[in-house]
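Colleague: I am new to this one. Please put the structure up, and then I will ask about it.

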2 protein chains.
Amino acid sequence: MLNSEQRNDVHPVDHHRGAGRPATALLNRKRITDAAMRLIRSKGPDGLTMAGLASALGVSAAALYNHADSKNMILRWVEDRLMQMIDVSAFGEIDWRSATIVWARNYWRVMRDNNQFVEAIAKTPIGGAPQTIAMYEAVAAGLLAGGWPLERIVPAIIAIESFIYGSAFDAQAPESLLDPGELSADAPVFSRAVGHYRSADYNVAAEHTFEDGLAALLTGLALSAGVRG
Amino acid sequence: MLNSEQRNDVHPVDHHRGAGRPATALLNRKRITDAAMRLIRSKGPDGLTMAGLASALGVSAAALYNHADSKNMILRWVEDRLMQMIDVSAFGEIDWRSATIVWARNYWRVMRDNNQFVEAIAKTPIGGAPQTIAMYEAVAAGLLAGGWPLERIVPAIIAIESFIYGSAFDAQAPESLLDPGELSADAPVFSRAVGHYRSADYNVAAEHTFEDGLAALLTGLALSAGVRG
């Protein structure tokens, strides 16, 4: 079955607007989502307003509301666009732990490269976002098949996602993040600990920190849920 | 020794501006930090600009630059303000695991209640932020005394903080966050798993999810580092 984004794209839109042709004919879910993502990238999550989006699209607010009834609907479209970039194909193919690591690493890379969207993704309800719901179904079914008790699946997913969101910020933090600088004499233990960290390539170090933390989190969650792996 | 914020506050400022008294006389680190936090709260992290901040303070940009040489400096002041709200007194008093839980719970509450600052805190270098550095020193010294190898301390702190940042967003997410709604037939396993979750009080559920995830993460990190607890 086609989802609503695909349905919108079945008939290619002529981007050369003819004389007298109303601007609203050019609006569809894809173009609105594109423009919303550009706005969030340039102005941050709070920079997305219906008025600002209509202006960026060169249409009236009324025209925009004909296609999207709220900012929340548009945020769900943005969420769905990003979530469908995350590969869940490993679930059902390999053991739950390896598949979860592949999924989480993919998810982290998408969030790292789309940092401006982390907060919106973390807070936008998934209802009405079919690609997002398909992702969660793949993860939940994979964990259930791997022996996870049903009631431990959602708390585990939330814990893993929370770790991914925070780690995505860390990957974009400057290398000097934890350098005490001229105050290092006031923090002797911490300064020595920092000296052991991120001495090699910075991006590789961030990825290792994410991978090691994820492995630790999965070990602890599985122990707590009484699951093997 | 007084830090720069304390030094600025030694002589109380007269807030009733006398005739002809220059506005810059009213600027100090505390007032600039207050105004920056108000701006970030109302407009998000990207809403903080030196020009906008000067305008909010009713001074010229040049006057503001006399006190703070960059937006990064002001973000460090904001970071220091928030980080000094986090209680680290348990380190050295009780075992490392219990003390880390007290610290992380405190940290999570501050971030949950100051969601607009999560991204800035996650990315702002700590150099020049004495309260922040004091916090990290207490944590690092507590972990070292608890038997943690020096080289595992910073990766563990980063993992815990990443989890805190993401969990702070989850605590502010709407209750409908993971409800598939009318698409639940497309996600049968996930829908059943969500049915087990957050049926009771929503805020309490978010706190439990954080606490359980934190416990799992600490267990996994300690196992990986070969530390007891």
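**How the two chains meet**

Modeller: A rotation of 180° with 0.0 Å of shift along its axis places chain B on chain A, with an RMSD of 0.0 Å (least squares on C-alpha atoms of residues with pLDDT of at least 70 in both). This is a predicted model: local features need pLDDT of at least 70, side-chain atom pairs count only at pLDDT 80 or more, and totals for chains, interfaces and linings use all residues. Residues are numbered from 1 along each chain as its sequence is written, chains are lettered from A and ligands numbered from 1 in the order written, and side-chain values use heavy atoms, without hydrogens and water.

Colleague: Why do the copies meet through the same surface?

Modeller: Contact means heavy atoms within 4.5 Å. By that rule, 64 residues of chain B touch 64 residues of chain A. The copies meet through the same surface because the interface residues of chain B are also interface residues in chain A, at 100%.

Colleague: How many salt bridges are there between chain B and chain A?

Modeller: A salt bridge is a side-chain nitrogen of Lys or Arg within 4 Å of a carboxyl oxygen of Asp or Glu. Between chain B and chain A the count is 0.

Colleague: Which element gives the most to the side of chain B that touches chain A?

Modeller: Helices are DSSP runs (H or I, at least four residues), numbered from the N terminus. Among the elements giving two or more residues to that side are H8 (130–145) and H11 (202–225) of chain B. The one that gives the most, with 15 residues, is H9(B).
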